[in-house]
Amino acid sequence: MRLRNSSMDGSDGSQLFEDTSRAGSGSQTGYRNQQAGPQAAGFPGQSLLSDPMSNLAMAYGSSLASQGREMVDKNLDRFIPISKLKYYFAVDTVYVGKKLGLLVFPYMHENWEVSYQQDTPVAPRFDVNAPDLYIPAMGFITYVLVAGLALGTQNRFSPELLGVQASSALVWLIMEVLAVLLSLYLVTVNTDLTTIDLLAFSGYKYVGMIVGVVAGLLFGKPAYYLSLLWCCVAIFVFMIRTLRLKLLSEAAAEGRLVRGARNQLRMYLTMSIAAAQPIFMYWLTYHLIR
Amino acid sequence: RRDNMAFTLYSLIQAAILCVNAVAVLHEERFLSKIGWGVDQSVGGFGDEPGIKVQLMNLVRSVRTVMRVPLIAVNSVCIVLLLLFG
């Protein structure tokens, strides 16, 4: 249809602005004129572009745009560390597949250490133990959509409920990250865990929640409870094995029993962070399955 | 089930403002010293383990120092907004 209109434009172009009040053919061309109106607006614009003043204006506008873009990039980097965020999104399909498998079945994995490359951690693409933000982000969005789906099957859905679910899950996530940060500060753990790392670890539970809710939608309540139980235990083991290397001292991380109040406190901290995950997983999904 | 479904970012901001206000009204000499949480009682061990209580006291003191002025502005804005919009 569009091709036909543009070919029509070729023949009617000169007539569009000269005389459109012709009877008979005027009404037909009038209809085609309206359809071709937005396309014909390009024709007077072409005469504008050859004007030297507008050339100057366009050049100035484009330089202004690139200046503005530089300024935005520079200032945005001060508030949100863009370059650090890019590290967390450097993933590929193989990594995502392996990590998802690890989140659901962490029992066979042997080496949980993050490999380093001259003091900086290796990108997630090359090391399956490195935390990333792709899976938590996608998991969060998928969780909101699956929650909408679940509510829709119970005829409780309305579009603003999606926003309510998303913001309440986000609030719980923020509170959990703040609580973990506070407890890490109080116990004075010297660790290289950054805030974004903690955000990533807290976001891994969305995978288990999605598995549970989908199983509950497909197969009913017993399947929901079974799959949620499986995913809760898996996330618990995953968190303990990952955090053990980061939070505990060297000796304790290798499994040897080290006495001392500080190590005990760190062990309790690791256990409670790991135990909070199943609690949140249940809390955020039980109202979706009736 | 509406219990956990009414959480919004706005309620989180409200809760955060209330908590920071609560920490900011703990007076140093009238209250904190009386219960043993004063500044002069935190210079204890010079070892590598400050302990939880010392960390908490440091946290309270730093929150009070940093947030004193911004809290004035934030509270004023909140008061005006609540008066206007309920």
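Trainee: Where does UniProt place the feature "transmembrane region" in chain A?

Mentor: The unreviewed UniProt entry puts that feature at residues 133–152, 164–186, 198–218, 224–244 and 265–284 of chain A. Keep in mind that the model we are looking at is predicted, and that such annotations may be inferred rather than shown by experiment.

Trainee: What makes up residues 224–244 of chain A, helix or strand?

Mentor: Residues 224–244 are 100% helix and 0% strand, with their end C-alpha atoms 30 Å apart. For residues 133–152 the figures are 95% helix and 0% strand, and the end C-alpha atoms lie 29 Å apart.

Trainee: How do you know what span is expected of H13(A)?

Mentor: The expected span is 1.5 Å times one less than the number of residues. H13(A) has 25 residues, for which 36 Å is expected; from first C-alpha to last, the helix reaches 37 Å, close to that value.

Trainee: Which residues of H13(A) are buried?

Mentor: Among them are A:Asn263, A:Arg266, A:Gln277, A:Pro278 and A:Phe280. The cover over the buried residues of H13(A) includes H7, H8, H9, H10 and H11 of chain A.

Trainee: Why is A:Trp172 called buried?

Mentor: Buried means under 20% relative accessible area. A:Trp172 has 15%, so it counts as buried.

Trainee: And why does A:Trp283 count as partly exposed?

Mentor: Its relative accessibility is 31%.

Trainee: Which residues touch the most other members of the largest nonpolar core?

Mentor: In this core of 52 residues, they are A:Tyr143, A:Tyr204, A:Met239, A:Leu247 and A:Leu288. H11(A) gives the most to the core, with 10 residues.

Trainee: What is A:Tyr143 in contact with, leaving aside its neighbours within four places in sequence?

Mentor: Its partners include A:Gln165, A:Ala169, A:Met209, A:Leu284 and A:Leu288. Each of these counts as a contact because heavy atoms come within 4.5 Å.

Conventions. Residues numbered from 1 in each chain as written. Chains lettered and ligands numbered in written order. Predicted model: local features only at pLDDT ≥ 70, side-chain atom pairs only at ≥ 80, totals over all residues. Heavy atoms only, no water. Core = buried A, V, L, I, M, F, W, Y, C linked by side-chain atoms within 4.5 Å. Buried < 20%, exposed > 50% of the residue type's maximum accessible area, 1.4 Å probe, protein only. Helix = DSSP H or I, 4+ residues; strand = E, 2+ residues; numbered from the N terminus.
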